[in-house]
Structure formats: structure tokens, C-alpha cells
Amino acid sequence: MKRVAIVACAALACSPLHAQQPDAKPATASPPPTETAAATALKAKGRIRLLGAEVPAGTSKRLTWTSGTAMEGFVVPVPVIVLNGKGPGPVLCLTAAVHGDELNGIEVTRRVLNDVDLEELNGAVIGVPIVNIQGFYRGTRYLPDRRDLNRYFPGNPRGSAATRMAHSFFTDVVKHCSALIDLHTGSLNRTNLPQVRADLRVPQVQRMTQALGATVVLHSVGERGSLRRAASEAGIPTVTFEMGEPMRVQPEQVEHGAKAIETLMYSLGMTKQRRYWGDPEPVYYASKWVRVDHGGILFSDVALGERVSEGELLGVVTDPISNQQHRIYAPISGRVLGMALNQVVLPGFAAYRIGTATSKSDQAIQSSDDTGEDAPDDEATQDDDEDAPPRG
Ligand SMILES: [Zn+2]
């Protein structure tokens with residue numbers, strides 16, 4: 001049995017990821033010429049040595065990473081869990097709570113790690129459930145110096161505290177990954193439909209999005225300094241997986257995330273568990289933020305994930321003093337991929353993110369001029385969890 005599994009994995013590692021999805025529908029668009037099997041295969045694991053320890057094949061270890069930026073007596077160790085399977089395969093890394101108040105990804109990581117059968121695992125999984133452990137303890141997105149760690153990768157050993165911390169994590173952990181999934185949620189008082197953010201111009205990244213099953217995919221290059229972009233630029237294909245709200249653990253969102261990652265692992269030949277759903281094809285979206293033009297209390301008429309038509313009522317902003325009401329209508333037809341929770345808003349507040357379905361080849365073309373959500377001058381980035389803090 002074991003021999004069969006190893007042979008199968010060796011073959012899988014040389015094939016495009018989607019070839020391993022038994023129920024996958026044939027791709028509608030023909031792949032670009034660069035999308036060869038060699039271009040989409042992930043780097044296979046070698047000896048797993050990190051953080052001063054060796055993890056032999058067929059074993060697991062709980063290691064700790066410390067950034068070294070705190071005072072000696074106040075060093076907060078960050079758990080790094082390594083599962084090294086018996087068979088060959090890639091090293092898949094899962095990172096969560098780079099923003100310390102984003103809890104769904106912590107539970108997704110725990111669940112995926114816990115579900116792995118070491119005896120059957122091909123390749124390895126490195127899980128860091130709480131990267132920003134100081135933010136986690138304090139219930140905040142930020143580091144103790146109010147910096148956003150996800151703006152400082154790959155870091156620098158001689159820069160600010162955040163830059164040094166980023167450098168240490170990138171060097172000690174991230175560089176050991178063949179591929180990485182960085183788990184996030186919407187920012188404060190906003191929620192996101194489970195969705196993957198990915199640079200679809202990179203063939204390996206595009207294959208990852210396909211292998212994550214029926215998950216919404218938004219193309220973006222990624223903000224400079226984000227873990228996703230820095231890792232991808234270092235040759236480690238990386239996607240960001242957004243789900244739900246910060247400060248909460250949401251069972252449905254967690255279930256989607258864990259299922260998607262386990263589907264990916266199966267597609268990579270890492271596991272034998274068949275965990276994918278009926279229609280494994282992702283849906284690719286371009287998106288647009290809808291902002292309110294008046295201050296007041298926002299009440300939404302739509303729900304997350306709902307499909308809306310152009311001109312449809314999204315919500316109402318009511319001025320609590322003058323009682324004036326202002327309705328917000330959908331400027332385009334599409335799907336609500338992200339939205340603000342009901343709250344007090346000021347004019348200009350980004351309330352709804354409407355996604356319009358597009359083909360992945362269109363996404364790739366759009367990316368060449370990079371005028372999407374990641375354009376630095378695009379204000380929309382101010383309200384996107386991955387891109388910039390929404391306020392303060
Ligand atoms: Zn985040």
C-alpha cells in the first residue's frame with residue numbers, strides 16, 4: 001500500500017494540480033503557454049530542518065519561533081507545528097493571525113493539522129496558528145508598536161521592530177515552504193465571504209486557486225510588504241484566504257476554509273482524504289467597493305454572499321439626529337463579497353464590495369496594467385483587510 005502511495009505522489013508532483021481533481025470539470029479557457037506541468041509543480045520537501053530542530057519523516061514536532069524583538073524576559077514564543085509525512089511531496093505552510101484579532105484562521109489551522117494522518121501524509125505541513133501572538137493576547141490586529149506586521153515582509157534585520165520581526169519570521173519559517181496559505185478575515189466591523197486573493201499571473205498560484213475548490217477568487221497582486229506578495233516574490237506561491245469577521249470564531253467560515261485547504265492537499269497528492277464538494281470549480285471575480293455618501297447609521301438590506309442587480313437597494317443610512325434617510329443602491333450587478341456590519345458610518349465609508357464574475361484569463365489580462373484593487377492610489381485599498389487598515 002505504502003509503495004503505491006509514494007509512486008502516485010511522485011507522479012502527482014510533476015503534474016498540474018488540477019489533474020488530480022477527479023471530479024474537476026474541464027477548464028473552459030485554454031491555458032497560457034507558460035502553464036506547463038513543470039511551471040505548476042511545487043518544490044518537493046527535502047530534509048525538514050528549521051528553528052534549530054530536525055523533524056524526521058513520519059514524525060511531528062511543536063517548535064517555537066521567537067522574533068527576538070522583545071526584551072529578554074518578555075519574549076513571547078510562537079508555536080510552529082510541523083508535520084513531516086512519510087512520503088515525498090511539497091511543504092505546505094499555513095499561517096494565521098498575522099493580524100492578531102483574526103480568529104477564524106487559527107481554528108482552520110488547528111483543524112487541518114489535527115485531521116492529518118501522518119502515516120499517509122506525502123510532503124509536510126507547517127502550521128503557525130498565531131503569528132502575531134502579541135496582538136492576539138491584546139485582541140488587536142497590530143503589533144505592540146501599532147504597526148501592521150503584514151506591511152513589512154520580507155523584512156530587514158536592521159530596520160524597525162516590525163521589519164525585524166517580519167525578517168525573522170520570513171527567514172526562519174516562510175523560506176522552508178513550497179507553498180503558503182495566509183489566513184485572514186475582514187477588517188474591523190466588516191465581514192468577507194470566504195475568498196482567496198491571488199496573483200493569477202503566476203501559474204503555480206493560479207493552480208492553487210483551482211485546487212481550493214468552490215471558493216471565490218479575487219485577483220490581486222497584493223500590497224507591497226504583505227506576506228503573500230513577499231513570499232510569492234521569493235518564489236513561494238502564496239494565496240491569502242479571507243473569511244468572515246475579526247474577533248469571532250464562525251463555524252461556517254471555518255468549515256469552508258478547512259474543507260478548501262484539505263481539498264488542496266488532496267489535489268496536491270498530499271493526502272488520500274477526498275474532501276471536496278460537488279462543484280470544485282472556483283469562480284473568479286473582479287470587484288468594486290460601494291461607498292456611502294452620507295453619515296449616519298447603516299442598516300443593510302442585503303446579506304453577505306447575496307447576488308444583487310444593478311439599481312437594487314443595498315442598505316440605508318439614517319441620520320440619528322435629523323432622521324434623514326439615504327438609500328444606497330448597487331451600481332453594478334454582482335455578488336456581495338464583503339460588507340460592513342450595521343454601524344455608524346461617515347461619508348466615504350466603504351460599505352459593500354460587489355464582485356462581478358469574470359474568467360481567469362480576463363483576470364490575468366487585467367493584472368498586466370494593475371489597475372485593480374491594489375493600485376496604491378485606489379482609495380478602496382483603505383478598506384480592504386489585506387491591503388490597508390481601515391482606520392486609525
Ligand atoms: Zn488580516
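**View 1. Aromatic pairs in the predicted model.** Three aromatic pairs turn up when the whole structure is searched. Rings of Phe, Tyr and Trp (its six-membered ring) count as a pair if their centres lie within 6.5 Å; planes under 30 degrees apart are called stacked, over 60 edge-to-face and the rest tilted. Helices (H or I, at least four residues) and strands (E, at least two) are DSSP runs, numbered from the N terminus. Both Trp65 and Phe169 are buried. Buried means under 20% relative accessible area, exposed over 50%, partly exposed in between (1.4 Å probe, protein chains only).

The model is predicted, so local features need pLDDT of at least 70 and side-chain atom pairs count only at pLDDT 80 or more, while totals for chains, interfaces and linings use all residues. Residues are numbered from 1 along each chain as its sequence is written, and side-chain values use heavy atoms, with hydrogens and water left out.

**View 2. The rings of Phe136 and Tyr137, a tilted pair.** The centres of Phe136 and Tyr137 are 5.9 Å apart, with 50° between the planes. Phe136 counts as partly exposed because its relative accessibility is 29%. Tyr137 has a relative accessible area of 60% and is exposed.

**View 3. Arg146 over the face of Tyr142.** Arg146 lies at 4.8 Å from the ring centre of Tyr142. A charge sits over a ring if NZ of Lys or CZ of Arg is within 6 Å of the ring centre and within 35 degrees of the ring normal.

View 4. Two strands pair if DSSP finds at least two bridges between them. Strand β5 (residues 87–96) pairs with β7 in the parallel sense over five bridges, and Ala96 stands opposite Leu183. Strand β10 (residues 238–244) also pairs with β7 in the parallel sense, over five bridges; here Asp182 stands opposite Thr240.

**View 5. An open sheet of four strands, in the order β15-β14-β12-β17.** The pairing is antiparallel. Strands β15 (325–329) and β17 (344–345) are the edges, each pairing on one side only. Five bridges join β14 (residues 313–318) to β15, and Leu313 stands opposite Tyr329.
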